[in-house]
There are 2 protein chains.
Amino acid sequence: MTTREEAARLDAAGPATGWRERFALPEGVVYLDGNSLGALPVGVADRLVRVATHEWGRDLITSWNPTAAGGDWISLARRVGMRIAPLIGAAPGDVHVGDSTSVSLFKTMVAALRLRPGRRVLVVEPSTFPTDGYVAAGVARLTGAELRWCDPADPAASLDDDVALLSLTHVDFRTGAMYDLPGLSAAAHEAGALVQWDLCHSTGAVPVDLTAAGADLAVGCSYKYLNGGPGAPAFTWVAPALQPDLDQPVQGWMGHASPFAMQRDYEPADGMRRMASGTPPVLALSALDAALDAFDGVTVADLRAVSLSLTDLFIRLVADRLPDVEIVTPREHERRGSQVSLRHADAYGIVQALIARGVVGDFRDPDIARFGFAPLYVRHVDVLDAVDHLVAVLEAGEHRDPRYAVRSTVT
Amino acid sequence: MTTREEAARLDAAGPATGWRERFALPEGVVYLDGNSLGALPVGVADRLVRVATHEWGRDLITSWNPTAAGGDWISLARRVGMRIAPLIGAAPGDVHVGDSTSVSLFKTMVAALRLRPGRRVLVVEPSTFPTDGYVAAGVARLTGAELRWCDPADPAASLDDDVALLSLTHVDFRTGAMYDLPGLSAAAHEAGALVQWDLCHSTGAVPVDLTAAGADLAVGCSYKYLNGGPGAPAFTWVAPALQPDLDQPVQGWMGHASPFAMQRDYEPADGMRRMASGTPPVLALSALDAALDAFDGVTVADLRAVSLSLTDLFIRLVADRLPDVEIVTPREHERRGSQVSLRHADAYGIVQALIARGVVGDFRDPDIARFGFAPLYVRHVDVLDAVDHLVAVLEAGEHRDPRYAVRSTVT
């Protein structure tokens, strides 16, 4: 059994030294919900104040151009995209940031259908985070395409000559299970289809190399492991070879070749800039830009090493101390993201009782307790503390408190 | 001729007393570009800090629910919409906020076509802010509809039995000319079409009563006269009678009847909540919510009275002192928004020379100098100062400075 001293030694000796200090975490909280909302990086509040008071309040409209205070809002989305790119194996200019994940998925799914005009099937996995399926159903209804649900255990079995796009979520939001991104990308290509990856639960914690995998499209949010703040804008990537033919449906002025020429007719900008539609969300992009400072000097390999060490420890301790609790997240490293999910009939009560003890995970209907291990700020000692509390909750029956009989939280 | 004393007396006596103090305007600047980017309201920076440090940083994921610090992020978009509603003649629950203006226009245009299934023409005005036309062209191409450009002087002449939607911008971004919203709404209905109003250059400065006009749909941005900050989210309104059949194309989890049930299949929420797609942009919505405090206790009638008094004064002074400069904005109150545009071959140089003197307007290709009069913070003394500087620039030939031979600004 790992002792607290051993855990503290792992924290001190590993690559994570100094990472946690980049976050403003509340005292006495073990935060294991960074897979839902990342913690606050230390520089974000100051950056928001500076953007509001100096760039907006004082320099006003001139901040669209570069100014002494910073400004250059017109290139902000692109600059933020360049900082996300190395985390997903993308070239710097190939990541667009803006819009929500759902809107981004809508754009890329329609664009994918247009890139494969002879095919009309979108393949989506039915246990994915629901917005992916909702958007796909909406796209299918709008374009006359067909939505085909695949077997989560074998998405490639649904591929045939009619499939335009295989759209999968890299790491499952419920179970933390991870797909073989290169393997399924190759399978899609073998069938003549494009492949799109939803990286919401991967980016910033799990290695992703879209270029090496030869993937075609990707979308991801920035408020989980990227710590961009609640509702932070999503990013979109499209393989360079597809960009010249990229044709997304929400043609807006910021995706125009010459937005300020104010021409009547649309002409798409070159490259990924054509993925833009409206005026960029400058406050949110600025917060995200500051949040990405937490990744300065951090390699994806080190993130992954820390993440696996944390989830390995959590899995081992739960298996040892609570043998009756089902661990639904795969044990194999190559099939695991950066969260561990437990199945229990009283999962809702367990999560609530843990929150009351300062250990924040979350619940997913009907019986899943999720624990995210954001490698930038979760420590091995936190894992020990979390399991101690979990054991105490179950031993004392705190999860059966009548207060938890009615489920009230929205997240 | 109005003297500075008379102007100061107008400012002190009018309904605007105390309004300007709600903004953090830089010293020595006459800001006449609130029609492009509204000034910073005083409470916004503090609110951003509180949301970042308390709601996000300290309370983390619990802030989706109501907390001692505020939180309740899940209802934030709706609460902000309720504050915009009285400015546009809408019932409180009928305004959705989120996404960009371009994405919002995309959703409402597709929805409008679905509400008029037997018709396939979208009528748009060709000199409108370009994103409206770009989005309409994209929607037409995606859905098989037809985009018909109307005569800006007579949009109703383009209406016939094929028209599903007449989509117009209430106040023109270049000229400041305002359409007859009730009259054109009635004309659209007479032809069996729906009418949509882009209120980007109206809301917060010009009276709008969508309910009284019997309009069908409306979209507007919140970073101009609503002062929500650069790239602040847009709002959408749909007439209550149309909401039960409202079917927008970007089906996302936040528009689902039960988002946290995480069901596989999409089922739209009741009312305007179905206009939502992705996770709401909490930081931007919080800034906008704080910005709307500047409207507390302010009536639309008072805003309009101040706005007209300011633009009347500017027009009169320019006409008196610079008779050779063409004023393109209509003189009739009922055809004027809250900006005044001047046409001049050296408009770019004029705007730059004025900025160098601390009078901030902006330039629109090829020959328009725009001056916005945001009634919440522009004063009659500012109008006098602006015209004094304009006269001085033209007399001294400052607008012909070789520095202004190359146009470099992006806005």
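**View 1. D99(B) sits in the loop between strand 4 and helix 4 of chain B.** Helices (H or I, at least four residues) and strands (E, at least two) are DSSP runs, numbered from the N terminus. The model shown is predicted: local features need pLDDT of at least 70, side-chain atom pairs count only at pLDDT 80 or more, and totals for chains, interfaces and linings use all residues. Residues are numbered from 1 along each chain as its sequence is written, chains are lettered from A and ligands numbered from 1 in the order in which they are written, and side-chain values use heavy atoms, with hydrogens and water left out. D99(B) has a relative accessible area of 18% and is therefore buried (buried means under 20% relative accessible area, exposed over 50%, partly exposed in between, with a 1.4 Å probe and protein chains only). Not counting residues up to four places away in sequence, D99(B) touches S100(A), V103(A), S104(B), K107(B), P233(B), A234(B) and M275(B); contact means heavy atoms within 4.5 Å. The side chains of D99(B) and K107(B) are joined by a polar contact of 2.5 Å. A polar contact is a pair of N or O atoms within 3.5 Å; within protein, one must be able to donate a hydrogen and the other to accept it, and residues adjacent in sequence count only if both atoms are side-chain atoms. V378(B) is 279 residues from D99(B) along the chain, and their C-alpha atoms are separated by 29 Å.

**View 2. Seven strands of chain B form an open sheet with mixed pairing.** The strand order is 4-10-9-8-7-5-6, where two strands pair if DSSP finds at least two bridges between them. Strand 4 (95-97) and strand 6 (146-149) of chain B stand at the edges with a single partner strand each, so one side of each has no neighbour in the sheet. From one strand to the next, the twist averages 20°. Helix 3 (residues 76-84) of chain B packs on the sheet, where it touches strand 4 and strand 10 (235-238), and its direction makes about 125° with that of strand 4 of chain B. Axes are lines fitted to C-alpha atoms, for helices over the stretch in contact, and angles run from 0 to 180 degrees between N-to-C directions. Helix 4 (residues 101-115) of chain B lies across strand 5, strand 7, strand 8 (194-198), strand 9 (217-220) and strand 10, and runs at about 170° to strand 9 of chain B. Strand 5 (residues 121-124) and strand 7 (residues 163-169) of chain B run parallel and are joined by four bridges. V123(B) has L166(B) as its bridge partner in strand 7 of chain B.

**View 3. A second open sheet in chain B has four strands with antiparallel pairing, in the order 11-12-15-14.** Its edges are strand 11 (326-327) and strand 14 (362-364) of chain B; each has a single partner strand, so one side of each is left without a neighbour in the sheet. Three bridges connect strand 14 of chain B to the antiparallel strand 15 (residues 368-372) of chain B. The bridge partner of R364(B) in strand 15 of chain B is I368(B). Helix 9 (residues 300-321) of chain B lies across strand 11, strand 12 (339-343) and strand 15, at about 20° to strand 12 of chain B.

**View 4. K224(A) lies in the loop between strand 9 (217-220) and strand 10 of chain A.** UniProt lists K224(A) in an unreviewed entry under "modified residue: N6-(pyridoxal phosphate)lysine". UniProt positions are given in the numbering used here, feature names are shortened, and annotations may be inferred rather than shown by experiment. K224(A) is buried, because its relative accessible area is 8%. A polar atom of the side chain of K224(A) lies 3.2 Å from the backbone oxygen of N35(A). Residues that K224(A) touches include G34(A), S36(A), C200(A) and H201(A).

**View 5. D132(A) and W253(A) are among the residues of the UniProt annotation "binding site" (unreviewed entry).** The annotated residues are spread over 179 residues of sequence and up to 30.7 Å in space between C-alpha atoms. D132(A) is in helix 5 (residues 130-143) of chain A and counts as buried at 3% relative accessibility. Outside its sequence neighbourhood of up to four places, D132(A) touches L105(A), M109(A), T169(A) and D198(A). W253(A) is in the loop between strand 10 (235-238) and helix 8 (282-291) of chain A, and is buried with a relative accessible area of 8%. Among the residues that W253(A) touches are P259(A), F260(A), S102(B) and F129(B).
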